[in-house]
Amino acid sequence: MTTHLFSFSAAFDYGHLTRTARGVTVQVTLAANATETISIEARVDSGSSFCVFGRQWADLLGLDWEAGDRLIISTATGIFAAHLQEVTIRLLDYEWTGWVAFAEWDTMPPSPARDVLGLNGFFDHFLVAIDDREEMIYLEPRFS
Amino acid sequence: MTTKAFTGSPVRKAARPLPDHKQDWAWINEHLDELRGLWVIVNHGHLVATNPNIRQLFDKLSRDAYPDAMITYVPTEEEARRVVL
């Protein structure tokens with residue numbers, strides 16, 4: 001058997017964020033145009049190709065929603081339109097820029113209209129391990 | 001559009017870490033029943049604003065007044081019973 005060893009420089013206990021629904025959730029801010037949101041809850045979802053956030057965040061940041069490249073995102077419950085915008089994401093004591101898809105809907109958890117950290121923009125920036133029994137997420141940033 | 005691409009910049013240390021919000025969550029948990037069905041903004045363990053509509057919530061606030069605040073939605077009891085996909 002081959003053993004793989006990884007090390008993680010950050011750990012986050014997400015238990016307090018999931019008292020009402022099962023899920024792996026972290027808090028992030030989004031920034032663009034010299035404006036930053038307050039802390040937002042975002043679900044960590046490797047099943048999502050993109051980071052997806054509600055349109056209200058794009059409007060709050062002063063982004064021209066329709067100016068970004070348009071995507072049609074397919075989910076288990078249907079399809080929705082989104083536009084890609086480059087924003088700075090802050091998580092714990094890390095930040096990075098990434099392309100985020102801002103959906104046509106406003107965030108409304110616990111419906112499927114919720115803010116998500118997916119593959120492009122999050123998982124391609126961190127090595128991620130989840131210990132769900134202990135409600136811990138471990139992160140190793142890609143600094144290069 | 002590629003299906004797999006490293007997009008954006010590499011990760012860097014933030015100039016200012018995100019607050020941990022433990023104090024804010026403690027306040028929310030103490031007031032859970034009165035907050036159900038509302039978006040809630042909490043700052044340093046104190047309520048800033050609530051509204052069932054997230055846009056109306058921000059309409060009332062000065063954007064830069066609470067940089068360390070957090071926002072969450074507290075589901076109704078019925079919503080909280082749903083299993084989320």
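Okay, let's begin with chain A: of its 144 residues, 42% are buried, where buried means 20 or more other C-beta atoms within 10 Å of a residue's own, exposed means 12 or fewer, and partly exposed is in between, with C-beta atoms placed from the backbone. Keep in mind that this is a predicted model: local features need pLDDT of at least 70, side-chain atom pairs count only at pLDDT 80 or more, and totals for chains, interfaces and linings use all residues. As for labels, residues are numbered from 1 along each chain as its sequence is written, while chains are lettered from A and ligands numbered from 1 in the order in which they are written.

So what is chain A built from? It has 1 helix and 11 strands; these are DSSP runs, helices being H or I with at least four residues and strands E with at least two, numbered from the N terminus. The order along the sequence is β-β-β-β-β-α-β-β-β-β-β-β. Its C-alpha atoms fill a box of roughly 50 × 35 × 30 Å along the principal axes. A compact globule with 144 residues would have a radius of gyration near 15 Å, and chain A agrees, with 15 Å. That radius is taken over C-alpha atoms, and the globule rule is 2.2 Å times the number of residues to the power 0.38.

Now look inside. The largest nonpolar core has 34 residues, and Val26(A), Leu30(A), Cys51(A), Val52(A), Phe53(A), Ala101(A) and Phe102(A) touch the most other members. By nonpolar core I mean a set of buried Ala, Val, Leu, Ile, Met, Phe, Trp, Tyr and Cys residues joined through C-beta atoms within 7 Å. β8(A) gives the most to this core, with 6 residues. Apart from it lies another core, of 12 residues, including Ile28(B) and Tyr73(B).

Let's zoom in on Phe102(A). Leaving out residues up to four places away in sequence, Phe102(A) touches Phe53(A), Arg55(A), Trp57(A), Ala58(A), Trp65(A), Ala82(A), His83(A) and Gln85(A). Contact here means C-beta atoms, placed from the backbone, within 7 Å.

On to chain B. There we find 4 helices and 4 strands, in the pattern β-α-α-β-β-α-β-α. Of its 85 residues, 24% count as buried.

Where do the chains meet? The contact takes 41 residues from chain A and 32 residues from chain B. On the chain A side, β8(A) gives the most, with 6 residues. That side divides into 16 nonpolar, 16 polar and 9 charged residues; Ala, Val, Leu, Ile, Met, Phe, Trp, Tyr, Cys and Pro count as nonpolar, Asp, Glu, Lys and Arg as charged, and the others, Gly among them, as polar.

Pairing needs at least two bridges found by DSSP. In this arrangement, Glu95(A) stands opposite Arg12(B).

Most residues other than glycine have a negative phi. Yet Leu92(A), not a glycine, has a positive phi of about 50 degrees. Leu92(A) sits in the loop between β7 and β8 of chain A, and counts as partly exposed because 18 other C-beta atoms lie within 10 Å. Glu135(A) is not a glycine either, and its phi is positive, about 55 degrees. Its place is the loop between β10 and β11 of chain A.

Note on methods
Contact = placed C-beta atoms within 7 Å.
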